[in-house]
Amino acid sequence: MSDTKKPQSAVQTTGHAWDGDIQEFNNPLPNWWLWAFYATVVFAVVYWIFYPAWPVGSSYTTGVMNNITFVDSDGTEKTMHWNTRALLLKDLQEGKSATLSREYLEKVQGADYETILGDAEMMAFTRSMAVGLFGDNCMPCHGAGGGGVMGLFPNLADDDWLWGGTVEDIQTTISDGRYGFMPSFRETFNDQQLDDVAAYVLSLSGQETDSASAQRGKRLFQTSAGGCYYCHGTDGKGMKSQGSANLTDQIWTIADVPGADAPAQKRAAVKAVVANGVQRTMPHWSDRLDKTQIKLLTVYVHELGGGQ
Amino acid sequence: MTDSASQVLYQARIPIYPRSVKGRFRTLKWGILTFAYGVYFLLPWLRWERNAGPDQAVLFDIADRKFYLFDLVMHAQDLFWLTGFLLVAALLLFFVTSIAGRVFCGYFCFQTLWTDLYLLIERLVQGDRVARIRLDKSPWTANKFLRKVLTHILWLAAAFLTGLTFTLYWGNAPELIVEWFTGKAPFAAYATTLFLTITTYVMAGLAREQVCTYMCPYARFQSVMFDEDTRIVAYDVARGEGKAGRHKVTRDLKTLEQRQQQGVGECIDCGYCVQVCPTGIDIRNGLQVQCISCALCIDACDTIMGSLGWDKGLIRYTSEKQAEGKESRILKPKTIAYGLVLLAAIAALLWGVSNQAPLEMSVVQVRQPLFVRLSDGRVQNSYELHIENKTDQPLKLAIMMRGLAGAELDVGKLSSVEIGPQRSLRVHARVRWNSGNRHKGSRSFEFDLIPQTQPEIGMISAPATFYMPGGDS
Ligand code: SF4
Ligand code: SF4
C-alpha cells in the first residue's frame, strides 16, 4: 500500500456556505456500518415474529413456532411459549444435572438408613439436598446449621437428644411433631421449695450449690411431694419417651446456666423454669414434606450432632 | 452540492490479488498447512482408552471442569498450568522472533493458514491473479455471479467446518455431532459454531492482510525484538540495483555481463515478487511492518533467477548485518537470555505437570454454629472435607486427625471412605475436644488422609482450626 496510495475519495461538502466561508462537510457512513445497521433491523423483525415482543393491552405477543414442551414433576406434559421461565422449568425437569440428581435421589429413596449412613457419596448427596430443605423449613426456629435458640428451640448439633437420636426417633419427630410439656410448679411449691429444687437440679450436673438446700430439694424431687422424678427419673437422666431433659449432663436447653456467671444467677435461671414450667411444640411435617424429604432431613439432622 | 475539499479522511482498502507461486518455501508451507489441518480436524475424533473419564484423546470438559489431554487430566486446581503454558508460548515467540523474525506469522499463524486455504479456493473457482482482476473489472454476468457465489459458499463451508470442529473439542465428538444436526445440542454449541464460522469467514475471506497490518498486536510489538542480527526476508539492494538501478530484460541488457558493463542490477523489474505478496507490499522497498515473512517473494524471485540461469537469492533470508557484508551472530546475550528464561519456564511447567498431586484435600470449618457444647462438657466443631481423587483408580481412604491431644474425630459410620476415579467428595466430620480450660480461642490441627488402597500415594494432610470458646466449660 506504499506507492499505490491515492486519494480514494475527497471529502464532500453539503454545498452551503455560511458567513461566506463556513462549510458543512458531508461524511457519509461507511458502507459496512450501514449494512450492519440494516442487518440489526432485519434481526429485530425476525425476532418480533419468533419471540415474545410487543405489549398488547395487559398481555403481549408471544411469538410463533417457539413452543417449549416438557414433562413436569407430577408427570403431566406441559407446553409453553418461549420464555426464560419456561426454559428454566424445562431445565429443572430435563436438564443434565436435574436428571442426574433425580437418579441419585431415587438411589437414596430406595436405600435404608443403614446403607445411606455408611456410604460417603450418598451422605454427601443427602447433605447437599438437605441443606436447602433445612434452610426452607427448619432454619427459622433451629437456626442455620441447627444451632437452636436457648430457652426456645433445641440445639440439633449437640449430642443431646430430648426425643431420641436414632434415625427412627428423628424421623418420627420430624413427621409427627413433638409436644414438650413440664407443668408450672408455682402453685405447688413455695419460694423456699423452688430454691431448694433449683439447687438440687444444679447439683445433679456438678454445679456448685448450697448442699443443705440441695438435700431438701432432692427430697421434693424424688418423692411425690414434688414428683419431678415421674418424668426426669430418680437419677434425673430424663426419659426419651417423655422428651424430658437429662438434668445430669452439661447441656441446658431452657435455663441458660452456662451463660450465667454467679451461682445465684444460675439458681435463679433454673428456679424460673421450675416455677413457670415449659411448653414447647415441634409441628408435624408429614403434611408438608413428602417421605423422601423427611428421609433426607432425618439423615442430615442425625449427622449434625453425630446421632445415637 | 458536491464541492470537494481535497482532504482524505478515509482510504478504502485496495484489493490485493496474490498470484500463485511454486518453490521450496511454498512447498514447506503446504506441508505445514496439511499437517496443521490434519491435526486440527482429526484430533477430536481420536479415541483414547482411559480407566475413568471419556474416551476422547483431547476433550475440554467445562461442565465437569476437567481438561483431558491424552493421558494428562487437568483439574480446576491445575489451571495455573495454563498460565505456565501461555508464558512458555510467549517466551518461545520472543526467542524465535529474535533469531528468525516472524516465522510464526509466515508459517504457523492461523490467519496465514486459513487465508492460504481461502486463496486456494478463490484460485480454483476464479482462476489466478490476472483472471481474478479481469473478473472483478468485468460487468456482472451469470458466469461472474456464479463464480462469486460459489467462492463464498465454499468459503462459508470451510468456515463452518472450522467452527464445528472447534466445538467438538468441548464435547464427545461422535455424540455431539449427531446432537448438533438433530437440534439437540446445547445452545453454547450452536453459538460457538456460529461465532467461529463468522469470524473465520470474515477474517480469512474478507479482512485477510488487514488483520496482520491493523489488528494483530504481535505485528505491533515484534519490532522491538528485532535487531541487526535477526533473520528477515530482504532484497539484496546492491546486487539487484547495481549502480544504475534495476532494468527490464531488453535486447542489449540480456546477459549478466551486459548488465554489469552498464552498471544495471540483476533485478529485472518483473514484479513477480510484488504480485505474490499476500500483504501487497514491495519487498524491494526494504523491511516493512506489513511483511509477514512468508517467503513467497523469495520463491517468486528464485523462480525468475533460475529461469534466467542467474544465482538465486536476490531476495533471501538474511540479517541486516549480513546484508551489509558483516559477520552476523545468532547467539548473542539477548537471545541467550531469552533462551534461558524459556528453558526455566519449560522446566517449571514440566515439573508442575509431572508433580500433579494424585489426591487432594481441603477443609472448611462449619461456621453455623461455630461450636456446640456436648453433654460431657466437651466442645464440638464441625468441618467439611473436600477430597479429590485425581487418579484413574478408585481409592479407599481413612480419615484421621492429629495435633489436638485427646480430641475425638467422628465421621459417622464412614470408617473409611471410598471415592471413585477422577471424582470428588465432601465429607462432614465432627471433632470433639476438651482442652481442660488450657486453651481458648483458635487452635490449629491437621486432618490426615491415608490411602488404604494404593498406599504408594502416601498420606496427605490439610490444616484446620479448632475453636474453643472462652469461659468455664
Ligand atoms: S514481502 Fe515477501 S515475505 Fe513479506 S509478506 Fe510479502 S511475500 Fe511474504
Ligand atoms: S521477482 Fe526478483 S527480479 Fe522480479 S521484480 Fe522481484 S526482485 Fe526483481
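In chain B, helix α2 (residues 80-100) packs against helix α16 (residues 333-354) at an angle of about 160°, and the axes are 9 Å apart. Helices here are DSSP runs of H or I with at least four residues, strands are E runs of at least two, and both are numbered from the N terminus. Axes are lines fitted to C-alpha atoms, for helices over the stretch in contact, and angles run from 0 to 180 degrees between N-to-C directions. The two helices α2(B) and α16(B) are therefore roughly antiparallel.

The crossing of α2(B) and α16(B) is left-handed. That term applies if the near helix is turned anticlockwise from the far one by less than a right angle; clockwise gives right-handed. From α2(B), the contact includes W81(B), F85(B), L92(B) and F95(B). From α16(B), it includes Y338(B), L342(B), I346(B) and L349(B). Contact means heavy atoms within 4.5 Å. By class, the residues of this contact are 16 nonpolar, five polar and one charged. Ala, Val, Leu, Ile, Met, Phe, Trp, Tyr, Cys and Pro count as nonpolar, Asp, Glu, Lys and Arg as charged, and the others, Gly among them, as polar.

The model is predicted: local features need pLDDT of at least 70, side-chain atom pairs count only at pLDDT 80 or more, and totals for chains, interfaces and linings use all residues. Residues are numbered from 1 along each chain as its sequence is written, chains are lettered from A and ligands numbered from 1 in the order written, and side-chain values use heavy atoms, without hydrogens and water.

Now turn to chain A. Helix α8 (residues 191-204) and helix α11 (residues 263-276) have axes that come within 8 Å and cross at roughly 115°. That makes α8(A) roughly perpendicular to α11(A). Their crossing is right-handed. In α8(A), the residues that meet α11(A) include D191(A), L194(A), D195(A) and V201(A). Their partners in α11(A) include K266(A), R267(A), V270(A) and K271(A). This contact of α8(A) with α11(A) has nine nonpolar, no polar and five charged residues.

Chain A also carries record annotations. UniProt, in an unreviewed entry, lists residues 32-50 of chain A as "transmembrane region". Its positions follow the numbering used here, feature names are shortened, and annotations may be inferred rather than shown by experiment. Over residues 32-50 of chain A the chain is 100% helix and 0% strand, with the end C-alpha atoms 27 Å apart. The unreviewed UniProt entry also places a "binding site" at C138(A), C141(A), H142(A) and M282(A). These residues span 145 residues in sequence, yet no two of their C-alpha atoms are more than 10.5 Å apart, so they gather at one spot. C138(A) sits in the loop between α5 (120-137) and α6 (139-142) of chain A.

Back in chain B, two ligands come next. Around ligand 1 are residues including C277(B), C291(B), C294(B) and C297(B). A residue is near a molecule if one of its heavy atoms lies within 4 Å of it. The shell around ligand 1 has ten nonpolar, two polar and no charged residues. Around ligand 2 are residues including C267(B), C270(B), C273(B) and C301(B). Its shell has nine nonpolar, one polar and two charged residues.

The peptide bond from Q368(B) to P369(B) is cis, with omega near -5°. R65(B), a residue other than glycine, has a positive phi near 50°.

Methods: Parallel < 35°, antiparallel > 145°, perpendicular 65-115°, else oblique.
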